[in-house]
Amino acid sequence: MDMATINDSLDNVIGRVERAEFLDRPADALANLVGTWLKPGPVKNLLSGTGTGHPAHPILILLPLGSWASAFFLDFVGGKDDGTATAARRLIVIGNLSALPTALTGLSDWADTQGAERRVGFVHAALNVTALGIFTASAAARATGARKVGVLTAALGMGLVSASGWLGGHLAYARGVGTDTTAFEVAPTDWTDVAALDEVTDKPMCVDAGRVAVLLVRHDGELRAMSDRCTHRGGPLHEGTIVDGCVECPWHGSRFRLSDGQIDRGPATRPQRGFEVRVLEGRVQVRPVADPGSLRSEPVTGSAGTKERAS
Ligand code: FES
């Protein structure tokens, strides 16, 4: 089987999951429940990874997956002595315990998704919960001396978490869950005229700065601008509210400081891209703060394969 055929088959599988509307009912019910209990604030910040600059879930995954995988390899290449059996059993238990906080971070991230992403995330979670049950059974079997059962169940659990990991990879790398949604935004590096000065009030407005939507607002006598697309899941910030010198996203409640775009409250983990503002002859102009990211400074645009520098 060649690479294209494998890729095509996997795409087929994921496409079916992404379009499986029958998943919406249970998935939406669970997401609503999570949303009811987990409001924006310190706990949501912690589970999101807001203070670390990246989502917490992909980091925590290392603990259960690393422990389970180590036990799996010990089972098959570590020999049959008691020391190896004890080490494998302890690793399974560590994996099971660390799966709980890891699951909470994933649940928090997942509850903020919609549509295809929510369906894939639901299946990802279901596989993980099943795998955790199997690893728990493996630990119990090992504790009672039934090592063979423990080994076989752990192997089954590894198969399930591998499939689940592939779905998680699809969410992050193909669907951009957890990725800064403005990472590919390319704004002109020169000053761009966006509005008349008297149009800008203390009510946020959205202006077009050469293919990039920019939030523009007057606050405490200063003109402020930042990317309008929320870095979390792309919410339109100009539809949000101004609270304590911040704009609050209308979708999941992240707050970004108007002065510099930094995060005041999650679930966002990345700050908003800032724009400088100046007034020239009654017109407001904006210019993005310099960013060394290659996809922003050397984007691929226009016809396929044409690479242009941002002008
Ligand atoms: S899109 Fe989620 S907080 Fe803005």
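**Close-up views of a predicted model**

**View 1. Helices H7 and H8.** H7 passes H8 in a left-handed crossing, a crossing being left-handed if the near helix is turned anticlockwise from the far one by less than a right angle. Helices are DSSP runs of H or I with at least four residues, strands are runs of E with at least two, and both are numbered from the N terminus. The model is predicted, so local features need pLDDT of at least 70 and side-chain atom pairs count only at pLDDT 80 or more, while totals for chains, interfaces and linings use all residues. Residues are numbered from 1 along each chain as its sequence is written. By class, 16 nonpolar, eleven polar and three charged residues form the contact of H7 with H8; Ala, Val, Leu, Ile, Met, Phe, Trp, Tyr, Cys and Pro count as nonpolar, Asp, Glu, Lys and Arg as charged, and the others, Gly among them, as polar.

**View 2. The largest nonpolar core.** This core has 25 residues, of which Val-194, Ala-209, Val-214, Leu-215, Leu-216 and Ala-225 touch the most other members. A nonpolar core is a set of buried Ala, Val, Leu, Ile, Met, Phe, Trp, Tyr and Cys residues joined through C-beta atoms within 7 Å; buried means that 20 or more other C-beta atoms lie within 10 Å of a residue's own, with C-beta atoms placed from the backbone. Strands S3 (213–219), S4 (222–227), S6 (246–248) and S10 (283–288) each supply at least two residues, and S3 gives the most, with four.

**View 3. The whole chain.** The chain holds nine helices and ten strands, and 38% of its 311 residues count as buried.

Methods
Buried ≥ 20, exposed ≤ 12 C-beta atoms within 10 Å, placed from the backbone.
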